[in-house]
Every structure is written in C-alpha cells, then in structure tokens.
Amino acid sequence: MRKEQFNFENQDLYRKICGINDEGVKILEKQLEIDIIPRGNGFQVEGESAKVEFALDFFKKIEANYRERPDRDFIDSFDFAYILKDAGKELRKKKARENEPERSTPWKPSDKILTTYRGKHIFPRTRNQEIYFRSFQDNLITFALGPAGTGKTFLSVATACRFLQVGTIDKIILTRPAVEAGENLGFLPGDLNQKVDPYLRPVYDALNECIGPEKTQEYISLTKIEIAPVAFMRGRTLSNAFIILDEAQNCTLAQLKMIMTRLGRNSRMCISGDSTQIDLDHGRSGLEKVVTLFKNTDQIGMVFFGKEDITRHPLVEVIVRKFEEL
C-alpha cells in the first residue's frame with residue numbers, strides 16, 4: 001500500500017472536482033479504485049502503488065488541462081471523466097507499446113462555438129465534437145454517425161446559429177424524415193409547421209437553448225429559420241443556408257440523394273443519424289450506403305461518434321452499451 005498527498009494549485013478547480021458534499025470524490029474513488037481523503041487544498045490518496053501513481057498523474061493532467069482550457073469556468077464532472085478515459089487509454093497504449101510516445105496533455109477545446117442568449121458559452125466537449133465543429137468550417141457537407149447523446153443535433157444547430165449571427169449564411173433550414181411510430185403527416189392536425197413540430201422537437205429545443213424561444217419564433221416568421229419535412233425539399237436549390245438533416249437513418253437512398261443535390265452556393269449541410277435507431281423496414285435505410293459511397297470525397301466530411309462522446313447523463317452511456325450487447 002502507498003500513501004501520497006496531492007495539492008492543487010487552483011482552489012476553484014479543487015472545489016469543482018470535490019463537487020457538492022464531496023460527491024465528486026466518491027465518484028473518483030470508484031473510478032480510480034483508491035481511497036481519497038480531501039485535505040486542505042488537495043487529496044490524500046492511498047492504495048496500490050500503481051493505482052496511486054496513475055491517480056497522481058491524472059491529477060496533474062487535470063491541472064494542466066484546466067490551465068489551458070478556454071471553457072474552464074464551465075468544466076464539470078463530464079470533463080473530468082473524459083480526461084480520465086483519455087489517461088486510461090494512454091496507459092494501456094504505453095503498456096502495449098512502450099516505444100509509443102505519450103501525449104503530453106489531454107485534449108482540450110480550442111474554440112468557442114457560440115454564446116447562448118443566456119450568456120453561456122458552448123464549447124466542444126470531446127475530440128470528436130471538435131472534429132465535428134471543424135468539419136462544418138472546412139467542408140460543404142458533413143456526415144455525423146453515432147449513438148444518442150453525442151451532440152450531433154445540438155452542435156449542428158449551435159454552429160448554424162453562429163454562422164447566421166456572423167453573416168456567413170442567411171438562413172437555417174431544418175429537416176427530418178417524419179416516419180416515427182408509423183404515422184403519416186397528413187393525419188396530424190394543423191398547417192405544415194404544426195404537422196412537423198412533433199418530429200422536429202429536438203431541433204426546436206436546441207434552437208431555444210442557443211438563441212432563445214423569442215428569437216427562434218422571430219427568425220421563423222422572417223424565414224431566417226425554415227422547418228420542413230424531407231419530402232418538401234424536392235425541386236429546390238438551397239443557397240446561402242445551413243441545412244440540417246436530422247435522423248437521417250430514416251431516409252431512403254433516394255431521399256438522401258434528393259436532399260444532397262439541393263446544395264446551392266455558399267451553403268453548408270449537416271446529415272446526422274444513428275444506424276442503431278432505424279425505424280424503416282429492414283434494408284430501406286440509405287445512410288450507411290451513402291456514407292460508404294462518399295468516404296474520402298473532397299468537401300465532404302465524416303465524423304463517427306462513440307460511446308465516449310455521450311454528454312448526457314453518464315447512465316446513457318451504460319444504456320447504449322447494454323443495448324449493443326443484445
């Protein structure tokens with residue numbers, strides 16, 4: 001058994017790690033498999049020598065990461081867990097290949113995506129989220145595949161709002177196939193927007209969080225934000241726009257071809273989906289076929305999210321993993 005004391009340079013970081021009623025400490029004890037006692041401005045750690053050594057290195061990585069993060073005021077338990085996963089991967093690689101150089105510091109976001117109407121700063125929270133954000137800037141079309149909770153919809157909406165605010169585009173176009181629960185748009189009451197509303201609620205939620213409900217409704221009335229089902233895109237040329245196709249796993253090959261060929265001048269397009277949540281009959285979804293078809297194509301980016309990118313409640317990652325085991 002080995003006992004060590006680690007003191008944090010920054011008291012705010014130390015408090016964030018400890019959490020309310022030291023809940024963060026209890027979580028770290030389970031994750032690191034050591035005993036942790038808060039002492040002064042740091043932790044007294046005790047356990048097997050190798051695990052204590054790993055914990056001390058992990059705390060150093062958190063400090064280095066915190067110093068350089070532009071979003072340090074918003075760092076929380078998710079970010080600590082992500083750094084811990086990163087450190088664990090490095091350790092496994094180091095053991096497997098001793099000659100492989102070790103990364104000096106864990107990943108950290110390099111640029112803010114958006115400041116919401118409430119003043120909250122939105123940053124990428126994982127490497128893949130950063131790649132996703134960069135792809136919107138570097139490519140005309142970006143495909144994003146991955147499980148629920150990885151930020152595919154929210155980050156695309158946040159980026160679209162940023163582009164709209166700075167004048168890169170003139171409008172945001174949101175579209176989604178309406179196939180959930182086998183319902184047909186014609187059987188729902190109301191005008192077009194009211195019919196589509198239930199299917200695009202996650203996109204509305206993202207818009208409301210980014211720019212607020214009032215600005216969202218204002219932009220809709222000014223047609224700066226346009227919401228329509230995939231079927232209504234046919235025959236149009238979408239220029240100076242950021243087009244978001246959500247739940248693309250429920251699009252057929254023909255629908256994906258139709259939506260991709262709507263791309264006009266000075267536009268960006270995001271096509272996102274989760275191949276494990278297909279509501280179409282077996283074999284009808286065209287998303288994976290299209291991703292394979294356009295892999296390594298100029299101006300088309302591909303981002304593949306994993307369970308480690310899930311930013312919802314930690315239980316969601318467990319749920320996704322359990323369903324994958326079926």
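Q: Hi! Where does the second largest pocket lie?
A: Domain 1 (2-96) and domain 2 (114-311) both contribute residues to its lining, so the second largest pocket lies between them. The domain bounds come from an automatic or database domain assignment. This is a predicted model, where local features need pLDDT of at least 70, side-chain atom pairs count only at pLDDT 80 or more, and totals for chains, interfaces and linings use all residues. Residues are numbered from 1 along each chain as its sequence is written, and side-chain values use heavy atoms, with hydrogens and water left out.

Q: Which helices and strands supply at least two residues each?
A: Those are β5 (121-122), α6 (152-166), α8 (201-211) and β10 (268-273). Helices (H or I, at least four residues) and strands (E, at least two) are DSSP runs, numbered from the N terminus.

Q: Switching topic: is Pro124 buried or exposed?
A: Pro124 is buried, with a relative accessible area of 0% (buried means under 20%, exposed over 50%, partly exposed in between, using a 1.4 Å probe and protein chains only). Its place is in the loop between β5 and α5 (127-138).

Q: What is Pro124 in contact with?
A: Leaving aside neighbours within four places in sequence, Pro124 has contacts with Trp107, Pro109, Asp111, Ile113, Gln129 and Glu130, where contact means heavy atoms within 4.5 Å. The C-alpha atoms of Pro124 and Asp111 are separated by 7.9 Å, with the two residues 13 apart along the chain.

Q: Why is strand β7 largely enclosed?
A: Because 4 of the 5 residues of β7 (residues 171-175) are buried, the strand is largely enclosed by the rest of the structure.

Q: Which strands does β7 pair with?
A: One is β9 (residues 241-245), paired in the parallel sense over 5 bridges. Another is β8 (residues 225-227), also parallel, joined to β7 by 3 bridges. Two strands pair if DSSP finds at least two bridges between them.
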